[in-house]
Amino acid sequence: TKCESGCVCADGLYENLDGGCVPAEECPCEYGGLAYGRGEQIQTECEICTCKKGKWKCVQKTRCSSTCNLYGEGHITTFDGQRFVFDGNCEYILATDGCSVNRPISSFKIVTENVICGKSGVTCSRSISVYLGNLTIILRDETFAISGENPGVQYKVIKNALHLMFDIIIPGKYNMTLIWNKHMNFFIKISRETQETICGLCGNYNGNMKDDFETRSKYVASNELEFVNSWKENPLCGDVYFVVDPCSKNPYRKAWAEKTCSIINSQVFSACHNKVNRMPYYEACVRDSCGCDIGGDCQCMCDSIAVYAMACLEKGICIDWRTPEFCREF
């Protein structure tokens, strides 16, 4: 109805993010605030997406996996993405199968044992036990021990400077990768060939985080503490009734914790900020750094930052954040 000043693209051309005019085939796609050119790909654990004419075309992977994280002083992210914190001085079942009433036979069970590691009463995951029938793998004191055997299970141990990794195949059922940083961080990455029910602190792995607090008795708990208490491996352990806030117990440590953990919010990790929400990792880092008040405080802080770095790596962003003066590799 009226003339307006400005530039337009000729028929058949479209404006790209740089202000130029390009044919539809050259249109970029956007994800997490970043632009991707024609043919570029991004990957999730279940899909491969390719940029085509300005839109993402996604293809389901043949094998879809999900990861449960146990890190720091009792932080857990379930297979379906639910987050919670617990402080329990006991053995807890992280993940197991054979949870359905119809098929109660378990082919694997992963148990974490927590110990007190600070005056404020916070706990750290120090020992992991993996039970595969008659085969047992114990991760403890920065090393591992294997006992028994199970011809129906294939496994491989991979070592590097920072991690111990275990590739485990239960034919016809699961492919698992277990990653342990020899301290407090433990990751279970699993893909399954059946719809076998999984349960434990890592949740039920059904794609719905809202029902992840399913107890051993098969009902959804009203809060995480009721849920956690139901998964005690030893029923003689005491129940957890509250979650300690280490920064309230140790207010003199809070400023140091916030300062050292701020690397997560800094330019060092800027390439990842659009891909992975940094705030839960920053808050976990501050909490853990306040809590480790009997030595090992720097290790607690470095472990927390390393979890964010690993989450970035899973999105294809590799951050070189360690230096000789800051969380150096030993």
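## Domains, a hairpin and some aromatic rings

The C-alpha centres of domain 1 and domain 2 sit 37 Å apart. The protein chain is split into domain 1 (13-60), domain 2 (65-230) and domain 3 (246-315), with bounds that come from an automatic or database domain assignment.

A quick word on the model: it is predicted, so local features need pLDDT of at least 70 and side-chain atom pairs count only at pLDDT 80 or more, while totals for chains, interfaces and linings use all residues. Residues are numbered from 1 along each chain as its sequence is written, and side-chain values use heavy atoms, leaving out hydrogens and water.

Now look at strands S14 (residues 135-140) and S15 (residues 143-147), which run antiparallel and are joined by 5 bridges. Strands are DSSP runs of E with at least two residues, numbered from the N terminus, and two of them pair if DSSP finds at least two bridges between them. Isoleucine 137 has isoleucine 146 in S15 as its bridge partner. The hairpin has 2 residues between the strands, and aspartate 141 takes a positive phi near 55 degrees there.

On to the rings: there are 14 aromatic pairs. Phenylalanine 144 and phenylalanine 166 make an edge-to-face pair, because their planes are at 85 degrees, with centres 5.4 Å apart (rings of Phe, Tyr and Trp, the last by its six-membered ring, pair if their centres lie within 6.5 Å; planes under 30 degrees apart are stacked, over 60 edge-to-face, the rest tilted). This pair links strand S15 to strand S17 (residues 164-170), 22 residues apart.

| Arginine | Ring | Distance to ring centre |
|---|---|---|
| Arginine 83 | Tyrosine 281 | 4.8 Å |
| Arginine 192 | Tyrosine 205 | 3.9 Å |

Note on methods: Helices (H or I, at least four residues) and strands (E, at least two) are DSSP runs, numbered from the N terminus. A charge sits over a ring if NZ of Lys or CZ of Arg is within 6 Å of the ring centre and within 35 degrees of the ring normal.
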